[in-house]
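Trainee: I want to learn how to read a structural model. Can we take it feature by feature?

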Amino acid sequence: MTVTPVSLDDARIISISQVDSWLTCERKWLFSYGFLKQSSSPSRSLSLGVLVHDILAEFYKAIQNGMSVADARQESMGRLTKLFLEGTYSVDTFSMAQILVSRYIEQDTLATGTKILAVEEPFFIPIVQGSYWYGGKIDLLVEALQGHKKGQVLLIDHKTTYDFYTDNALKLNPQMPKYTAAVRFNGYPVDDAYLNQIRTRFSLTQIPKKADSDLFKRAPTDITQPKVRSALHHQMVASEQIIAAYKKPLTLLEQECLPVQNNMVCKNCPFQEPCIRMEEGMSADKALGTGYVEKTSGFQLEAKAPENG
Ligand code: SF4
């Protein structure tokens, strides 16, 4: 099975991540996609998630290129060491990633029970004729070689998570139906999408005493055609709202992008400090201060930020 690359020409992209941000909290979106800023000191959970994704991508790319599991494991640990030596991650983050990924590889069945079709590849689908597309980078796409799913194409999203998702949280996951639509648009008949959960709640000393089932869980999100249609609808409506927002000056968006101020949402937000300063009357650019740098994550083709004025 091969992918036919889709020509994007000069189309602009609204990413699945950007829509998530917009729907989570418009002020958070404003900081991230309006002012194009990210925290200069990301949280431990975010850093660990990024590092684990990076190492797993290295592992599965090596498998895709024909390496044995042992050699791919060696390759991925080499990547981990290289990133550590570059000083990108703290000792604690490095140690957690090392122990979790090592344990993960020992119990993994994807490397030997599937054919790897794509690793860390972006997929796109048009949302506004001729101009806007939406896209997302998928972690892993595989074809099952054995078991009751033999011959089926499965989408896998790695998730580092404090606790495993509940059944309803899996069914409510907004990303997997959108990724499924984009991957199907590019010719892969995706059957179902899975969250490949890696639990981060245990300390370095607790992990060796835990069973694999305490640490890892790959669970289906039960993709159906109505769910895919519904997710596409949400993506389109939110994208059109974002496109309309991009036409407004930042000063107006500061007034219009309301803060959700919900504890469940805010507790993981990297923009808590500037958000509090804005509540005290400070303008957004002053409130951002020095703790934030130019945003580097996301698609290069992402739609342009609004005019400053
Ligand atoms: S702290 Fe809460 S209200 Fe403020 S930007 Fe973040 S998510 Fe929105």
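**Reading the model**

Mentor: Start with a helix end. Helix α8 is followed by glycine 187, whose phi is positive, near 100 degrees. Helices are DSSP runs of H or I with at least four residues, strands are runs of E with at least two, and both are numbered from the N terminus.

Trainee: What kind of model is this, and how are residues numbered?

Mentor: This is a predicted model: local features need pLDDT of at least 70, side-chain atom pairs count only at pLDDT 80 or more, and totals for chains, interfaces and linings use all residues. Residues are numbered from 1 along each chain as its sequence is written.

Trainee: Is helix α8 mostly covered or mostly uncovered?

Mentor: First, the cut-offs. A residue is buried if 20 or more other C-beta atoms lie within 10 Å of its own, exposed if 12 or fewer, and partly exposed in between; C-beta atoms are placed from the backbone. Helix α8, residues 175-185, is mostly covered, with eight of its eleven residues buried. Among them are Met176, Tyr179 and Val183. Lys178 is also on the buried list.

Trainee: What covers the buried residues of α8?

Mentor: Look for contacts: two residues whose C-beta atoms, placed from the backbone, lie within 7 Å. For α8, the cover includes helices α1 (16-24) and α10 (225-246). It also includes strands β3 (114-128), β4 (132-144), β5 (153-161) and β6 (190-199).

Trainee: Why is isoleucine 116 partly exposed?

Mentor: Count its neighbours. Isoleucine 116 is partly exposed because 18 other C-beta atoms lie within 10 Å. Its place is in strand β3. Leaving aside neighbours within four places in sequence, isoleucine 116 contacts Tyr60, Ile63, Gln64 and Val142.

Trainee: Which residues are around the ligand?

Mentor: Here, near means a C-beta atom, placed from the backbone, within 6 Å of the molecule. The residues around the ligand include Cys25, Arg27, Lys28, Cys266, Cys269 and Cys275. Helices α2 (26-34), α12 (263-266) and α13 (272-279) each supply at least two residues of the shell. Val260 also belongs to the shell. From isoleucine 116, valine 260 is 144 residues away in sequence and 40 Å away in space, C-alpha to C-alpha.

Trainee: How many helices and strands does the chain have?

Mentor: It has 14 helices and eight strands. The radius of gyration, 20 Å, is close to the 19 Å that the globule rule gives for 309 residues, so the chain is as compact as a globular protein of that length. That radius is taken over C-alpha atoms; the rule is 2.2 Å times the number of residues to the power 0.38.
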